[in-house]
Amino acid sequence: MICLPAPCECYLQNNGLKRRVFQRTVRDIIPFKMLQIGDEVVYFSALFLLVVLGTRSATGASLLTAFLYVFMVMFRFPPVPADQAGRVLRPGAPSGGVLVVAHRGGSHDAPENTLAAIREASRNGATGVELDLSFTAEGVPVLMHDETVDRTTNGSGPVSKLQLAQLKRLDAAARHRLRDKYSGEKVPTLQEAVEESIREQLTIFFNVKGQPDKAASVLHEMYKKFPVLYNSSIVSSFEPKVIYKMRQTDPNVVTALIHRPWRLSRFTDGAPRSLSISGQVWTGVLDILLDWAHHHILWKLCGVSAILMQKDYISLDYVQYWAERGVEVVGWTVNTAVEKDFYQNMLKIGYLTDSLLEDFDPQH
């Protein structure tokens with residue numbers, strides 16, 4: 001399946017009320033069924049034909065296809081047992097059993113990635129929290145979404161250049177809309193956040209942005225220290241190498257790939273990353289290849305249990321596509337009442353949200 005940015009409008013009938021929901025689905029461009037290439041024989045045959053056309057060598061194409069197939073068979077990780085993944089992704093929860101995850105701890109309701117946000121998310125009925133992993137100058141794992149502390153605290157500079165003691169002196173609520181209420185809130189360590197989440201009985205979505213070796217090692221130690229995490233947390237990342245390393249380090253951890261089509265060529269607001277036509281074309285081609293790889297190779301190679309997809313690209317057919325492969329879909333970031341109703345009552349899948357209290361404009 002290849003997700004293309006073709007906005008369409010879907011009207012849902014719910015108790016006689018028409019709800020307008022924006023989706024982006026491939027059905028606007030290419031018949032959906034033509035892209036459901038689930039059989040390995042089919043897409044390895046397609047790869048063979050493409051290589052033959054490109055190289056004019058049947059022998060070379062045969063060798064390359066055979067190598068890739070053997071690589072997949074030998075080095076891919078099986079997913080964790082379905083019942084374990086179900087305990088993480090389909091816990092007994094409010095909202096009809098749909099997983100509701102506070103994005104960055106619920107960044108609209110409390111300062112993001114703080115202990116206060118975790119507690120507030122729990123009070124407001126969240127099923128889980130998303131926590132962003134970062135590292136201090138001495139390698140201590142802490143919570144921070146950005147590479148720098150500038151946006152969320154009263155400090156400045158890269159997280160990786162600051163000692164833990166320096167981070168602890170910062171006010172993590174300084175830039176938040178409720179700064180007066182949460183004044184003095186500190187940047188927590190990963191362990192502090194994990195302990196708080198366990199106390200609140202929240203499912204944890206660890207979001208890892210890089211440093212696969214260090215992240216996998218730190219998280220593995222966290223899972224050994226708190227075994228309950230095996231049935232109450234998931235490690236997710238945009239980077240397949242992070243997830244692969246995590247499965248390699250600890251194959252019993254539930255994992256997910258995060259994906260947004262056109263991520264290499266466009267910013268979240270749709271603006272092109274490159275100003276040149278050639279750059280836009282090249283990154284667009286890379287995006288198509290990456291999207292294809294996510295839907296046909298990378299998920300199987302890493303043995304993931306879920307795909308975290310940007311909300312505008314999710315439809316009933318998309319959820320069904322992954323359900324047939326034993327993979328859950330979780331949407332991000334869902335911030336309006338209409339969208340939440342759609343996810344809970346129509347799609348019946350989990351989602352990440354910035355607020356459990358207010359209905360406000362969708363965020364990318």
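**Overall make-up.** I began with the secondary structure and found eleven helices and eleven strands in the protein chain. Both are DSSP runs numbered from the N terminus, helices being H or I with at least four residues and strands E with at least two. I keep in mind that this is a predicted model, where local features need pLDDT of at least 70 and side-chain atom pairs count only at pLDDT 80 or more, while totals for chains, interfaces and linings use all residues. Residues are numbered from 1 along each chain as its sequence is written, and side-chain values use heavy atoms, with hydrogens and water left out.

**Burial and surface.** I looked up burial next: 51% of the 364 residues of the protein chain count as buried (buried is under 20% relative accessible area, exposed over 50%, partly exposed in between, with a 1.4 Å probe and protein chains only). The protein chain exposes about 16,800 Å², and carbon and sulfur atoms supply 58% of that; the areas come from the Shrake-Rupley method with a 1.4 Å probe.

**Contacts along the chain.** Among contacts with a separation of 6 or more, I noted that 60% join residues 24 or more positions apart. Contact here means heavy atoms within 4.5 Å.

**A helix pair.** How do α4 and α6 pack? Helix α4 (residues 115–123) meets helix α6 (residues 190–199) at an angle of about 15°, with the axes 10 Å apart. That makes the two roughly parallel, the word for angles under 35 degrees, whereas over 145 is roughly antiparallel, 65 to 115 roughly perpendicular and the rest oblique. The axes are lines fitted to C-alpha atoms over the stretch in contact, and the angles run from 0 to 180 degrees between N-to-C directions. From α4 I listed Leu115, Ile118 and Arg119 in the contact, and from α6 Glu192, Ala193, Glu196 and Ser197. These residues divide into three nonpolar, one polar and three charged.

I found a cis peptide bond between tryptophan 332 and threonine 333, with omega about -10°. Threonine 333 sits in the loop between β10 (328–332) and α11 (337–347).

Two positive phi values outside glycine also went into my notes. Glutamine 201, in the loop between α6 and β6 (203–208), has phi near 55°. Is glutamine 201 buried or exposed? Glutamine 201 is exposed, at 72% relative accessible area. Lysine 348 has phi of about 60° and lies in the loop between α11 and β11 (351–353). At 47% relative accessibility, lysine 348 counts as partly exposed.

Methods. Nonpolar A, V, L, I, M, F, W, Y, C, P; charged D, E, K, R; others polar.
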